[in-house]
Amino acid sequence: MKCCHALLTTMLACTSFAQNYSYKPRFTVSERNFADTIPIEWENDQIYINATCQDGEYRFCLDTGSSQGIVYADSHLPYTRKLGKILSHDANGATSKIDVVEYPDFRIGHLTIHGYAGSLIDSHIGHDGYDAVVGFDLANKGFAMKIDTEKGHLILTDNPRHFDGEGGFAVKYRLPRWVPIVSVSPFAGCTDEARFDTGSRRLYVMSASSRKTFSFRHEKFSTQVEGMGFGSRSIGSFGAEHPDEVAFLRLDSLRWGGFSFGDYHTMTTQGTSRIGAELLRYGAVVILPKRKEIVFQPYSGGTSCHVGNKQMDIAFVPHNGRAMVGLIWEGSKHYKSGLRQGDVILSIDGTPINSFGQFLSYPFINGRHHLFTVRGADGILREVRSER
């Protein structure tokens, strides 16, 4: 159960249509002068908050890459009314004009939130395991927050000075389309503008346009490229990104302000560069909206840490409702076993896989070779034994 790359952002809708909705965090909370400690669940590099409504309990994903909430049409959360239409942009650059709805009153910790708004997305595919999203409008409302996965809680407060004196590595953020954009350095002399997006799992992915700029301006940046491929891996609110050239990267050092993450493997995306929730494996994060700062507080102290993660060498994306190999690195064991970009998964170990959701929930076993029946881009059926 996971939150994929929902990454929904909103921009002001045209005012010439009465039914259009203009973004503003209009919701209210039940207390003032509060500092509430709210339990969170940290699973598979995603942050979940349990919320209580009048009709039961729900699970929300905390997604700072979304300017406001997200409700899925096929989820169980009963929205109360439609508020209008808004033009929405996902992290892959896809846009659509969709409905904005009002959540029922819900309680997190000791706070009851009234009038919270969310964009209504048709499909919940790839977002199983939770009922809705809570977005960055908590900060845009003026609330400071601290996300601490080691202690398993979120501290939310309307006191802008509550976290004064705690220290850490601060970076400023901007708010284009009401989501936070921070500056990070993936290589000496290079500065990338990345969305701080806890709806995205990976510590950092680089936009393809940034990679091309760095390669043009810095001759030595080529030492950070392990290989090239073609395909798509990122799934936004409106589907997978368009297939294109992908670079597999090994970054000597990724710098967040004065802190450095060493030996990090990642890749490029056709959407925006992103700093994701994997950051919270290494430290707590404090968001200070009055200062427009995000402060990283490393759990281990110091000014650096070694990551040494494995390269992601295969990605599956939804295609006409099914799971498809969206990206595969030619140097990977999956490629050597026979899987190819464009292969549609028909069955695994004899079990029919008729949807992307079925693929995500299949009980893969680490280290085991599973039998995949696939239909290739050429229409030919094949059987391939490969690890997941």
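1. I begin with D105, which is found in the loop between strand 9 (95–102) and strand 10 (106–108) of what is, throughout, a predicted model. With a relative accessibility of 38%, D105 counts as partly exposed, because that value falls between the 20% limit for buried and the 50% limit for exposed residues. Leaving aside residues up to four places away in sequence, D105 touches T52, C53, Q54, T112, I113, H114 and G115. The C-alpha atoms of D105 and Y79 are separated by 9.5 Å, the two residues being 26 apart along the chain.

2. On the overall make-up, the chain contains four helices and 34 strands, and 56% of its 388 residues count as buried. Where contacts join residues at least 6 apart in sequence, 65% of them link residues at least 24 apart.

3. What is the largest nonpolar core made of, and which residues have the most contacts inside it? It has 63 residues, and W256, F261 and I275 are those with the most contacts inside it. Strand 23 (residues 244–256) supplies the largest share of this core, namely five residues. W256 touches F169, V171, V182, V184, F196, F261, I275, L279, I294 and F296, when residues up to four places away in sequence are not counted. Apart from this core lies another, of 15 residues, which include L339, I345, F356 and Y362. As a general remark, nonpolar side chains in soluble globular proteins tend to be buried together.

4. The structure holds 26 aromatic pairs. One of them is formed by F187 and F221, whose ring centres are 5.7 Å apart and whose planes meet at 80°, so the pair is edge-to-face. This pair links distant parts of the chain, with F187 in strand 17 (residues 181–187) and F221 in the loop between helix 2 (208–217) and strand 20 (225–231), 34 residues apart. Both F187 and F221 are buried.

5. A further aromatic grouping deserves a look together with the charges placed over rings. F27, F34, F60, Y103, F106, Y116 and F143 form one aromatic cluster, and the charged end of K141 sits over the ring of F27, 5.1 Å from its centre. Elsewhere, the charged end of R340 sits over the ring of Y335, at 3.7 Å from the ring centre.

6. Strand 31 (residues 344–348) is largely enclosed by the rest of the structure, because five of its five residues are buried. It pairs with strand 33 (residues 369–375) in the antiparallel sense over four bridges, and S347 stands opposite T373 of strand 33. Strand 31 also runs antiparallel to strand 32 (residues 351–352), to which two bridges join it, and in strand 32 the bridge partner of S347 is P352. The hairpin of strand 31 and strand 32 has two residues between the strands, and in it D349 takes a positive phi near 55°.

7. R177, in the loop between strand 16 (169–174) and strand 17, has a phi near 55°, a positive value in a residue other than glycine; at 42% relative accessibility, R177 counts as partly exposed. K292, in the loop between strand 26 (283–288) and strand 27 (293–298), has a positive phi of about 55° although it is not a glycine, and at 35% relative accessibility K292 counts as partly exposed.

8. Finally, on the cysteines, how many disulfides does the structure hold? The number of disulfides is zero. C61 is buried, with a relative accessible area of 0%, and C190 also counts as buried, at 1% relative accessibility.

Key: Residues numbered from 1 in each chain as written. Predicted model: local features only at pLDDT ≥ 70, side-chain atom pairs only at ≥ 80, totals over all residues. Heavy atoms only, no water. Phe/Tyr/Trp six-rings, centres within 6.5 Å; stacked < 30°, edge-to-face > 60°. Buried < 20%, exposed > 50% of the residue type's maximum accessible area, 1.4 Å probe, protein only. Lys NZ or Arg CZ within 6 Å of the ring centre and 35° of its normal. Core = buried A, V, L, I, M, F, W, Y, C linked by side-chain atoms within 4.5 Å. Contact = heavy atoms within 4.5 Å. Disulfide = S-S within 2.5 Å. Pairing = 2+ DSSP bridges.
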